[in-house]
Amino acid sequence: SILQEIKNTSGHFSLEELTQTVQKKDPRIGNITVYRTLKYLVGKGIVEVLELPGGVRKFELKKGHHDHIVCENCGSIMEFENEKMEALQKEIAKEHQVKLEGHTLELFTKKCPNCKHQ
């Protein structure tokens with residue numbers, strides 16, 4: 001199934017990558033079926049979307065909260081967690097008298113450790 005393929009995928013993937021993986025196992029599954037299933041899973045909070053520069057969208061199976069560092073040069077995505085960043089966001093919300101429902105944070109670089117090894 002499409003959800004099983006998502007669960008078997010480590011890291012982030014594009015719609016095209018997921019479609020190719022699914023169709024290798026079952027060529028009868030069409031692009032639109034994969035798209036609609038992915039859209040449904042995003043809507044249900046099972047899969048998260050990462051919006052990248054240039055209109056690129058990557059997806060990942062939802063797991064505990066984390067943020068991303070995205071390399072604009074090679075496209076690699078590094079996940080990180082930072083307690084100080086989380087505390088600062090709570091402090092900012094308190095200053096503005098709002099309750100946060102969530103957030104996304106993407107930091108961008110032009111050269112990452114992956115690039116340096118190429």
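Modeller: Let us begin with Gln97, which lies in the loop between α4 and β5 (106–109). Helices (H or I, at least four residues) and strands (E, at least two) are DSSP runs, numbered from the N terminus. This is a predicted model, in which local features need pLDDT of at least 70 and side-chain atom pairs count only at pLDDT 80 or more, whereas totals for chains, interfaces and linings use all residues. Residues are numbered from 1 along each chain as its sequence is written, and side-chain values use heavy atoms, with hydrogens and water left out.

Colleague: Is Gln97 buried or exposed?

Modeller: Buried means under 20% relative accessible area, exposed means over 50%, and partly exposed lies in between (1.4 Å probe, protein chains only). Gln97 is exposed, because its relative accessible area is 74%.

Colleague: How far apart are the end C-alpha atoms of helix α4?

Modeller: The expected span of a helix is 1.5 Å times one less than its number of residues. Helix α4 (residues 83–95) has 13 residues, so it should span 18 Å. The model agrees, for the end C-alpha atoms of α4 are separated by 18 Å.

Colleague: At the start of α4, which residue has a backbone nitrogen that a side-chain oxygen of Asn82 reaches?

Modeller: A polar contact is a pair of N or O atoms within 3.5 Å; within protein, one must be able to donate a hydrogen and the other to accept it, and residues adjacent in sequence count only if both atoms are side-chain atoms. At the start of α4, the side-chain oxygen of Asn82 comes to within 2.9 Å of a backbone nitrogen, that of Lys84.

Colleague: What pattern does the protein chain follow along the sequence?

Modeller: The protein chain has 5 helices and 5 strands. Read along the sequence, their pattern is α-α-α-β-β-β-β-α-β-α.

Colleague: Which residues does Ile2 touch, apart from those up to four places away in sequence?

Modeller: Ile2 is found in helix α1 (residues 2–8). Ile2 counts as buried because its relative accessibility is 7%. Contact means heavy atoms within 4.5 Å. Leaving out residues up to four places away in sequence, Ile2 touches Leu18, Val22, Ile29, Thr33, Val34 and Thr37.

Colleague: With which residues is Thr19 in contact, leaving aside its neighbours within four places in sequence?

Modeller: Thr19 belongs to helix α2 (residues 15–25). Its relative accessible area is 8%, so Thr19 is buried. Apart from neighbours within four places in sequence, Thr19 is in contact with Asn31 and Val34.

Colleague: How far apart in space are Lys44 and Gln23, C-alpha to C-alpha?

Modeller: Lys44 has its place in the loop between α3 (31–43) and β1 (47–52). Lys44 counts as exposed because its relative accessibility is 54%. Lys44 and Gln23 are 21 residues apart in sequence, and the C-alpha to C-alpha distance is 23 Å.

Colleague: What share of the residues of the protein chain count as buried?

Modeller: The C-alpha atoms of the protein chain fill a box of roughly 55 × 40 × 25 Å, taken along the principal axes. Of the 118 residues of the protein chain, the share that count as buried is 27%.
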